[in-house]
Amino acid sequence: MSNFISYGRQCLDEDDIQVVIDTLRSPNLTQGPKIAEFEHEIADYVGVKYAVAFCNGTAALHGACYAAGIGDGDEVITSPITFAASANCVRYVGGTVVFADIDAVTYNIDPLQITAKITDKTKAIIPVDFTGQPTDIDEIMAIANEHNLVVIEDGAHSLGATYKGRKAGTTAHMTMFSFHPVKPITTAEGGIIVTDNEEYYKKLIKFRSHGIEQVPYSAKNGGWYYEMTDLGYNYRMTDLQAALGVSQLKKLDAFIARRQEIAAKYTEAFKDVEGITVPKQLDDTASGWHLYMVQLETADRKQVFDTMRLANIGVHVHYIPVYWHPYYRNLGYEKGLCPLAEAWYEKALTLPVHPGLTDEEIEKVIKTLKKIIKNV
Ligand SMILES: *Cc1c(COP(=O)(O)O)cnc(C)c1O
């Protein structure tokens with residue numbers, strides 16, 4: 001499968017590999033200086049005060065739900081068109097997931113639908129920057145402020161994307177970025193929460209390390225003394241991963257520039273093809289193009305998918321509406337809950353985008369899809 005074109009994958013150079021090897025030879029494999037450096041660099045890049053690294057993005061979302069104080073019976077509103085982790089994190093802390101339908105233009109959660117789903121049990125909103133296009137965060141923050149809700153932005157796709165000239169992650173109470181290999185930069189597995197709020201920051205630090213707090217040295221306590229004050233987890237990132245993250249972050253802007261170039265090529269190629277609708281970008285946002293997704297208006301999606309795969313092109317579909325999964329169906333969610341999201345999903349197809357794609361590979365994707373669309 002060497003000439004298989006995957007929909008997304010990491011982009012690593014020798015210098016990325018070397019920093020990991022160097023860290024392996026250092027005294028600290030975990031909880032060392034690279035974690036602090038990576039957190040500092042991410043906070044600086046995004047333009048926020050604090051960043052707390054986690055072993056993956058899902059653990060980071062779990063931490064954010066804990067820090068937000070979400071608990072039994074609290075309702076949290078999120079999008080159905082996302083990876084299951086955006087909803088699962090609410091379940092980890094005993095909350096109830098409420099799905100609000102998407103906007104027909106951006107495919108992000110629709111602020112009007114959020115408002116319609118607010119009850120006196122609503123505690124938080126988890127908007128997702130789907131495909132790398134930032135969600136309408138100003139509108140969502142206005143709704144949240146009016147109803148006293150916490151906003152946890154799922155920015156797994158959007159590190160480096162901008163909204164009204166601001167980086168994704170500057171506006172919500174907390175924002176999660178993921179460093180899974182297909183995401184904008186990678187640490188193999190990894191995630192982070194960024195925030196300007198000191199109280200959330202302290203809770204996140206505690207949560208990722210067993211719920212332990214350092215207690216100031218006093219005459220009463222020995223130097224070994226610490227207290228576990230809450231039930232936390234071991235959700236720490238290693239220094240090997242953080243070293244890789246620091247190295248990758250230097251390349252993020254170049255990665256995004258290449259992703260934007262690829263997206264522009266696809267849009268140019270498909271915008272006038274009958275039966276294909278290309279994704280739209282709002283004027284005041286710049287997507288990081290984690291995913292490029294078209295809508296197949298007339299063709300049989302499964303047939304197109306299978307034919308593309310036979311041609312060694314790794315098309316994909318993001319995502320099955322979360323509440324269609326048996327786990328959520330067993331909780332009582334039913335098909336038809338979010339009609340726009342469901343209709344959108346039925347026609348959706350993800351085309352390959354990653355910084356390492358060659359122009360020849362992009363041409364192959366374009367030619368093959370055009371040919372299939374004409375014939376089916
Ligand atoms: C990848 C992803 C996550 C989870 O991140 P991991 O680092 O894989 O745990 C959460 N939400 C969305 C939208 C994602 O794409």
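How many bridges join strand E2 to strand E4, and do they run parallel or antiparallel? I looked this up before anything else. Four bridges join E2 (residues 75-78) to E4 (residues 122-126), and the two run parallel. Strands here are DSSP runs (E, at least two residues), and helices are DSSP runs too (H or I, at least four), numbered from the N terminus. Two strands pair if DSSP finds at least two bridges between them.

I noted the ground rules next. This is a predicted model, where local features need pLDDT of at least 70 and side-chain atom pairs count only at pLDDT 80 or more, while totals for chains, interfaces and linings use all residues. Residues are numbered from 1 along each chain as its sequence is written, and side-chain values use heavy atoms, with hydrogens and water left out.

Val 76 stands opposite Ala 124 in E4. I then traced the whole sheet. Seven strands form an open sheet in the order E1-E9-E8-E5-E4-E2-E3, with mixed pairing. E1 (50-54) and E3 (96-99) are the edge strands, and each pairs on one side only.

I looked for helices lying across this group of strands. H4 lies across E2, E3, E4 and E5 (150-154), and runs at about 150° to E3. H6 (residues 137-147) lies across E4 and E5, at about 155° to E5. Contact means heavy atoms within 4.5 Å. Axes are lines fitted to C-alpha atoms, for helices over the stretch in contact, and angles run from 0 to 180 degrees between N-to-C directions.

**Entry: the three-strand sheet**

I found another open sheet, with three strands in the order E7-E6-E13 and antiparallel pairing. Why is one side of E7 and of E13 left without a neighbour in the sheet? E7 (166-167) and E13 (285-286) stand at the edges, each with a single partner strand, so one side of each has no neighbour there. Two bridges join E6 (residues 162-163) to E7. Thr 162 stands opposite Lys 167 in E7.

**Entry: the ligand**

I counted the shell around the ligand. It holds 16 residues, and the closest include Gly 57, Thr 58 and Ser 178. A residue counts as near if one of its heavy atoms lies within 4 Å.

I listed polar side-chain atoms by distance (a polar contact is a pair of N or O atoms within 3.5 Å). Thr 58 has one 2.6 Å from a ligand oxygen atom. Asp 154 has one 2.7 Å from a ligand nitrogen atom. Lys 183 has one 3.0 Å from a ligand oxygen atom.

Technical notes
Polar contact = N/O pair within 3.5 Å; in protein donor to acceptor, adjacent residues only side chain to side chain.
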